[in-house]
Amino acid sequence: MKNLTSRERVFTAVSYKGPDRVPLFLTFTFYGAKELGMSIKKYFSSSKNVVLAQKKLREKYKHDFYYAFYYASLEIEAFGGESIFIDDGPPNAGEPIIKNLSDIDNLNVPDVKNSEILKKVFETEDALRNLDAPVVGVIISPFSLPIMQMGFDKYIDLIYFQRDYFWKLMRKNMEYSALFANLQLNAGADVIVYFDPLLSTEMMPKNVLKETGFIVLKEMLKKIEGKVAIHMASAKVFNTVGELINPKISCVSFSSDDDIKKLKENFKGKIAFVGNLDCISMRHWSVKEAEENVKNLIQKGAKGGGLIISDSHGEIPWYVNEEVLFSISEAVQKYGTYPLKW
Amino acid sequence: VKKIWRLEMKKISKKILEYLLEGNKIMVDKIFNETFSNNNSLLLFEEIITEVMYKVGDLWENGEISLAQYYLVGNISEELFNKYSEKFKFSSKQKVHDKYNLAIVTLEDFHGLGRKIVLSFLNSAGFEVQDFGIGKTVEEVFKLSINKKIDILLVSTLMLPAALKVKDLGEKLKSKNPNIKIVVGGAPFRIDKTLWKEVKADAFGETASDAVKIVKRMVEYEKSNI
């Protein structure tokens, strides 16, 4: 088979047609700062840094996408909150912006179009658009956003005990998130990753999801004017995937505790899978272990397409060393060429 | 009589757990109200709650319940423990485990759900625990632990960088107080089962119920060495 571009490779794989090889997504976010030798705060202060690092890292590790994701709490900044930066990991959302129910009444939906904070994301997508690799934009789902807006404990209380205010908040978040997603699609994103760890039944029981998060997702799918991928961070997805089968959803993440064989047996041809290298233990993998882990994953899950190899969290940790990343990339080239020989 | 009583308690625990998992505070409160009617109820209360907590720990470990349910069980149990302690005038001095200084903290991260669940479980099991809060640096936790003469420090983390910092924290603390015990928990430790040893913690709790078991074990061990 002729060599495909990364763009062709990814779209062929997610539609369960055999591409030339299994696509690889190395999810570099703050890792770009390491590559450019600057602090994480400085790195994320300008889209130029992110664009440069995305290009450099893709060339270096020969993987198959551009990642326009900055960090989750960027969206909280857009709502008027703050991010707390550390030297070696993702920035964290600061003090919750919703402390009581009246804060939900008074919450203003950010002016997404003119937001100086979100502008960096659009600039990144614009600079990377229409190249040979797909550009992946990200939104934190309206359903998971309140974990940062109000703190997880208060949010669980809201879902269980204040359903009217839960919906009040969802309506505002959905208005904001749909706009953020669509402006990213306009700016150059090929697909929107809908980050929603709360959709995992590890996080929330299914009966509650059916009354809340799944409804929010359905509403959002009507509003988002493009392809969507669902990401549940490191959470298990098996019990949720059945609810995600929709023509607009092309793929879903899977965790290092999910079984790709079982997932594909149940959902082959209906949705593709992205995962599931364990990025926590990756930090102390040897080069050989990295190769073996990739090989095993290909062996278990790559047959017939429908698999993109990535980590399970959506963010490569600072302490993963370059040799391991090179080894992952080389193993994908070595073992992931279609037709698979084993 | 003891056997019948045990069976009865098991039935009550089962019902309480069912309602707790639904987040049905009103029904749990109703059962508590019917069951605990005099001031000898503390031990009975502890026994039932401990059984519920262990059961819920198993359910969580086996992937049968969600994090939200786990939180609700801890939160409602704690609220009702406080309510009935007040009602029967259990002062904190009467709590059975108050000889040791315990503290809990979320290191660096600003998401405090894990800490909150563990705190609720420990409080419900009758432990007095000082809450050092969220987003604390190694230096801040070190100073607080030394000033408050902490014997057992529970450290909750969400992200890997914070988990790795437990090593620095432990070294600093043990240089001042070699007997201090450090118990860790949180996502990075659950995903990488060897991480707690790498950061030289004394113990790792996979669940909040584990945290209760570990702390109980540590307290018992200390007692046997007096």
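1. In this predicted model, A:Tyr66 stands opposite A:Val135 of strand β4(A), and this pair belongs to a parallel arrangement in which 2 bridges join strand β1 (residues 66-67) of chain A to β4(A).

2. Strand β4 (residues 135-140) of chain A is largely enclosed by the rest of the structure, because 6 of its 6 residues are buried, that is, under 20% relative accessible area. The burial extends to both faces of β4(A), with A:Val135, A:Gly137 and A:Ile139 on one side and A:Val136, A:Val138 and A:Ile140 on the other.

3. The second largest pocket holds about 450 Å³ of space, and of the 32 residues that line this pocket, the closest to its centre are A:Val14, A:Val191, A:Ala229, A:Ser250 and A:Cys251. At least two lining residues come from each of several elements of chain A, among them α1 (6-14), β5 (191-195) and β9 (307-311), while β7(A) gives the most, with 5 residues. By residue class, the lining of the second largest pocket comprises 21 nonpolar, 9 polar and 2 charged residues.

4. In chain B, 5 strands form an open sheet with parallel pairing, in the order β2-β1-β3-β4-β5, whose edge strands, β2 (129-131) and β5 (203-204), each pair on one side only. Within chain B, strand β1 (residues 102-106) and strand β3 (residues 152-157) run parallel and are joined by 5 bridges, and B:Thr106 stands opposite B:Ser156 in β3(B).

Note on methods
Residues are numbered from 1 along each chain as its sequence is written. Chains are lettered from A and ligands numbered from 1 in the order in which they are written. This is a predicted model: local features need pLDDT of at least 70, side-chain atom pairs count only at pLDDT 80 or more; totals for chains, interfaces and linings use all residues. Side-chain values use heavy atoms; hydrogens and water are left out. On a 1 Å grid over the protein atoms alone, a cavity is a set of points where a 1.4 Å probe fits but cannot get out, and a pocket is an open set with protein on both sides within 12 Å along at least five of seven lines; lining residues have an atom within 4 Å of a point. Grid points are joined across faces, edges and corners, and a volume is the space filled by probe spheres set on the points. Helices (H or I, at least four residues) and strands (E, at least two) are DSSP runs, numbered from the N terminus. Ala, Val, Leu, Ile, Met, Phe, Trp, Tyr, Cys and Pro count as nonpolar, Asp, Glu, Lys and Arg as charged, and the others, Gly among them, as polar. Two strands pair if DSSP finds at least two bridges between them. Buried means under 20% relative accessible area, exposed over 50%, partly exposed in between (1.4 Å probe, protein chains only).
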